[in-house]
Amino acid sequence: MNRQPQLKVCGLTKPDQIQELISMDVDFLGFIFYEKSPRYVLNHLGAEEISAIDHHGKTGVFVNEKLDIILQMVQKAGLNFVQLHGDESDDFIVELRQKMSPEVRIIKVIRIGNDDAESKNRITQTIAKDLPVDYYLFDTDSKAFGGTGKQFDWNILNEFTITLPYFLSGGISEDNIGNIGMLKQQPFALDINSKFETEPGHKNINRVREFKNLYQQNK
């Protein structure tokens, strides 16, 4: 079944922009809880402020964070999704699933680098593990754990049967949106971030709106 991918805007920090995205019917709002990120949300918004945002797709992005901190933030910020963007172990993911409300979904990131063999091995191993996660997210690998604005070779995904719905991330923009059609398994959602910013955490809302209209027309 061909269906239009949903849209996630990540790296949000500004309440007025968040409200504009909600009015635009953006499906997922991404908040980065990684202190080393220039988009670290707690430098701009308190957990209680995030909790007060009326939206069903509030996603917390965590990188090698302690389990207790994630559980605490899920509660305090009222998160609907937890995105694991680091090198979290299988045991960590299992324990998180056990301790977290079943209503909160887990997105497991698979980072794709320049070494095709290594990337294919990473995909193969992750999919084969049958981890208790709800979605995968494929992103361009970087030492900064994302936010590069760079695209990986999407063709690599055509070599796999992806067993869960997945988010496609990493340098998505108006320039390459047309190439998504070549993917055998269409993404569940597109994840945009740094390509749609004037500076880290400050989104170009008009450009997001134009992009959303563009990819809706492409389907």
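Phenylalanine 28 and phenylalanine 167 are both buried, a term that denotes under 20% relative accessible area with a 1.4 Å probe and protein chains only. The model is predicted: local features need pLDDT of at least 70, side-chain atom pairs count only at pLDDT 80 or more, and totals for chains, interfaces and linings use all residues. Residues are numbered from 1 along each chain as its sequence is written, and side-chain values use heavy atoms, without hydrogens and water.

The whole structure contains 11 aromatic pairs. Rings of Phe, Tyr and Trp (its six-membered ring) pair if their centres lie within 6.5 Å; planes under 30 degrees apart are stacked, over 60 edge-to-face, and the rest tilted. Two of these pairs are tabulated below.

| Pair | Centre to centre | Angle between planes | Class |
|---|---|---|---|
| Phenylalanine 28 and phenylalanine 167 | 5.0 Å | 70° | edge-to-face |
| Tyrosine 136 and phenylalanine 138 | 6.5 Å | 50° | tilted |

Because phenylalanine 28 lies in strand β2 (residues 28–32) and phenylalanine 167 in strand β7 (residues 166–169), their pair ties together parts 139 residues apart in sequence. Strands here are DSSP runs of E with at least two residues, numbered from the N terminus. Ring pairs join Phe28 and Phe167 with Phe81, Tyr135 and Phe188 in a cluster. Tyrosine 136 and phenylalanine 138 are likewise buried.

A charge also sits over a ring: arginine 207 lies over the face of phenylalanine 196, 4.8 Å from the ring centre. The criterion is NZ of Lys or CZ of Arg within 6 Å of the ring centre and within 35 degrees of the ring normal.

Notes:
Helix = DSSP H or I, 4+ residues; strand = E, 2+ residues; numbered from the N terminus. Buried < 20%, exposed > 50% of the residue type's maximum accessible area, 1.4 Å probe, protein only.
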